[in-house]
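The following note is intended for a colleague who is meeting this structure for the first time. Please read the numbered points alongside the model.

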Amino acid sequence: MCLALLAFALGAAPAAPPGLAGVAEALAAEIGPPPEGRRGLALAVEGVAPALAPPLESALAAALSRRGYAVSPLRGAADPEPRAREAGADWVVRVRGGLAPGRTEIALVGELIPTWSSFFLQRRPGVRPVPPRLVQARAAADPETLLLARPGRAADASRVAIRVLARVPGRVLALAVGDPVGDGAASAILAVTAGEAILLSGGGARLASRPLELAGRRPVRDPAATAAIGDFGGGRLALAVAGEPAGRVFAWQGGRLEPAGTIAAAPLCATDGGRIFGAFAPGKGLLADVLSPTIDPEAPPRSGREWLAVAAAPRGGPYPVAALGAGGRLELLRGDLGTAGVLDGVGAGFALADLDGDGTAEVVASTGTPGTPERVRVLEYGAAVAVAFESPPIAGAILAGAAGDVTGDGIDDAVLAAVVAADGGVATDLLLVTADPRVVP
Amino acid sequence: MTRLRAALAGLLLPAAAAAGVRPTYCGCDLAIGLPAAPRQWDPARAMDPVDLLALGVHHATPLVVAPAGLAPGLLAEVPEPQAGGRAFRLVLKPDLRFADGTPLGAADLAASLARLAQPGTPHGWIALPIDGADAVLDGRPGAPAGIQVLSDREVLVTLSFPLPDFPAALATIPAAVVSARGFGAGPFAGARPVRADGAFVQARANDACAQGRPFADTASLGAVDPRGAARQLERALSEDGLLLVLRPEAAGPGAVALPARTATYAALGPRLGAAADAVRAALGSIDRAELARLYVRGPSEPLATLLPSAVLPAPLPAQAAAPAPAPGPRRAAPAVRIALLVLSASSEQRAVVQRLQVKLFDRGIQSSIETADAERFWPRVTAGDYDVALVPVPLLAARPAIAAGEVAWALRGAAAARRAMASLSALPPSELGPALQALARDLDAIPLFASGLRATPAPALQGLAPRPDGTIDFGDLWVWQGASR
């Protein structure tokens, strides 16, 4: 009977998201139990995302209550300290919080301010009886917490910021964004040049790299590669270079990219929903029309068409896959790989990224028109205004792209590779294209 | 390197990448329009500048000329001179194949070099420095002793005199490696007539090309007249595919001038006798700038010295260049009557020789014009069977010593070519000018002008990036916006 009641009680009071509950508990632990029996505590949660404040307040109130405080929330814009004195509270806790840099943790900082009336300070009513104290805590941010911590202004595909994340020597042929470990932590960027695989953090720092042996590679007039981050068996980083007989899989272990096997197909992209494999057309840097969810080297091409690149939307949507063909024609494909629509004027560097979090991926692409400066465009298929955003001219030639949550706000960003002149040779600027309101001015 | 932003100009970046777009292969057919249908398909025997350029469709050379200098073609690396510039070890890339699928090995490279030493070859200047080539050129059967096959991929070439610039000869189209069945290793293969009249012949993409399969599926070669080319370029598509016109004149907007590397000389024949001085003086007084400006339709350059600027490593010092010949007073000359030998196939050369005829008449020298087709012209030049011959020499090599050898070979034969190469080999730039003047006197030839071609691509054609020596990798051409059929 007792167990049944306990189960009912647990079921009737759903737990707060683990991230919120954890950080609230940690902060309450920092505050500690009520000293000297002063239990009256006013709680003011400030400066956090509007959606985050109420559940955070509840989580903190619950955690502090469990430590013996009588918690009364203070809401509104007025200074909480005089309001707490007026209400007769012993303490006021002003809590500010948000996602820590790197977007993997939620962090709280609180001021524990004494507000009781001191006999010895009757003539100076505003003076604090004991010094205030700073308390802080952090906990891993789960997806629900990330969702709640989103800033008040929603991401908008027409408000996009473009920043250089990193510069990579040589010409980047393929990009992938994803979780290189599989623990749901921060995303990383896999950049593939003709001779090197490079793993970078979401902030653009080089995490690891590995030379790609050229022996056995047949010459291809226009070098090309594919890359994907996902579950590929022994490793999560997969790539294929045109002219090579097989794709390669690497695992990020101990700060190194360790070979984890080969695959008899080109890994085109990987998402939460699965992986797509293809194959380079013989002797070419183009992909044959082979789009397969499994590694099947015998899979016949669906047609005689050839693709410059294939990309997937990290979170799916009505057209989770897109394939870029000749003349800048992008075919948007449904989950069953049937054609959902067509967009023209798409450059070779493109990504499917749900920049505004509305569940439908936008196409982030270069212009790629010969004779004109490169620009980054955000295209919305089916929208009244197809071009939601167009950047000023961008230095370099954008030839590869990928999508994933780089900023850690829970919404997709795009990374584009712009090949530029550098030191008598070429280098590639990795451009972050994001609608994250914390980044967009 | 087309349509690229200034920041990317001249980089080792594929043209397509520099343009911000990637090549599309889908169904792209090239049509390469020439002044005349190709007459000679063997790179070792072609002499016409257009034929030599078009042979790049089928053939690949051991080395190529890149902006930074020589670069590997079929060879794995640019060979370094050994034994004081008298030996070169040529190492082929692995797994090379001819367009018919047969393996391309060191024996094929050696055979291709050796055949350049056969008597009667127009490009014997390539093999001339090789040890033992003299005897073969004189008729001894066999291959020069200086060509040794070391392994499946290695050939050792030993020269009879130091010539550190010898690898430059391996970047010329006559040095292309050709199989025993006549197949090359270039981007395209075959010559299938595609019209009933046979005006255009079509080659298909060579999947085994050492630089990678060409972007286009086919390349057709044929003759187009200037007006027809302009009309077809306006329509973007010719009857045979997407057009690239290679003619002296621009066929439309976007024409790219190729380096002026066909040098024309007025060579004085040995049978002139006592009249030689008067003829030499008269020819020397001709305004070469006027000739180049008025009578050459393509890119041109008056020749101040034996070689055009495109072949020289740097502009010659002013004092080294020959002064422009002064017109000089007309004077009564002894009654001299000479014949001017010229190639019949070249309207440009015929126009120039008519101008020479006028200028010689002004100097009191009467002349007649003899035209000869290529089959009769070159043997007569080789034999010295002429009074004055207007000799166009396509300068294929990118180094002065080798290019001077080409000139000397064409005008005076093997011994003169050997002297020219040896005298200019490893010469410092400061001494190049006087040496070239001395060589021109030794060859008894008046350098007149250098001319070139223009490449006019159809608007949708991408990837046209002539190399510094004017050659084109036709495999790099591709089409934008699916304009091909």
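1. In helix H12 (414-424) of chain B, the buried residues are Ala416(B), Ala417(B), Arg418(B), Ala420(B), Met421(B) and Leu424(B). A residue is called buried if 20 or more other C-beta atoms lie within 10 Å of its own, exposed if 12 or fewer do, and partly exposed in between, with C-beta atoms placed from the backbone. The cover over the buried residues of H12(B) includes helix H4 (124-127), H11 and H13 of chain B. Ala426(B), which follows H12(B), has a positive phi, near 55°. Helices (H or I, at least four residues) and strands (E, at least two) are DSSP runs, numbered from the N terminus.

2. The model is predicted: local features need pLDDT of at least 70, side-chain atom pairs count only at pLDDT 80 or more, and totals for chains, interfaces and linings use all residues. Residues are numbered from 1 along each chain as its sequence is written, while chains are lettered from A and ligands numbered from 1 in the order in which they are written.

3. Helix H13 of chain B covers residues 429-443, 15 residues in total. From its first C-alpha to its last, H13(B) reaches 21 Å, close to the 21 Å expected at 1.5 Å a residue; the expected span is 1.5 Å times one less than the number of residues. Leu432(B), Gly433(B), Ala435(B), Leu436(B), Leu439(B), Ala440(B) and Leu443(B) are the buried residues of H13(B). Among the elements covering them are helix H11 (400-412), helix H12 (414-424) and strand E19 (445-451) of chain B. Just after H13(B), Asp444(B) takes a positive phi of about 50°.

4. Chain A contains 5 helices and 29 strands. Its C-alpha atoms fill a box of roughly 90 × 55 × 45 Å along the principal axes. Of the 441 residues in chain A, 50% are buried. Among contacts in chain A with a separation of 6 or more, 54% join residues 24 or more positions apart; two residues are in contact if their C-beta atoms, placed from the backbone, lie within 7 Å.

5. Chain A is divided into domain 1 (14-148) and domain 2 (161-434), with bounds from an automatic or database domain assignment. The centres of the two domains, taken over C-alpha atoms, are 44 Å apart.

6. One open sheet of chain A has 4 strands in the order E6-E29-E28-E27, with antiparallel pairing. Its edge strands, E6 (161-169) and E27 (397-404) of chain A, each pair on one side only. Strands are said to pair if DSSP finds at least two bridges between them. E6(A) and strand E29 (residues 425-434) of chain A are antiparallel over 8 bridges, and Val168(A) has Thr428(A) in E29(A) as its bridge partner.

7. Another open sheet of chain A, also of 4 strands, runs E11-E12-E13-E14 with antiparallel pairing. E11 (225-229) and E14 (256-263) of chain A are the edge strands, each pairing on one side only. Strand E12 (residues 237-241) and strand E13 (residues 247-253) of chain A pair in the antiparallel sense over 3 bridges. Leu237(A) stands opposite Phe250(A) in E13(A).

8. How confident is the prediction for chain A, and what is its average pLDDT? The average is 86, and 91% of the residues score at least 70, where pLDDT is the predictor's confidence in each residue, from 0 to 100.
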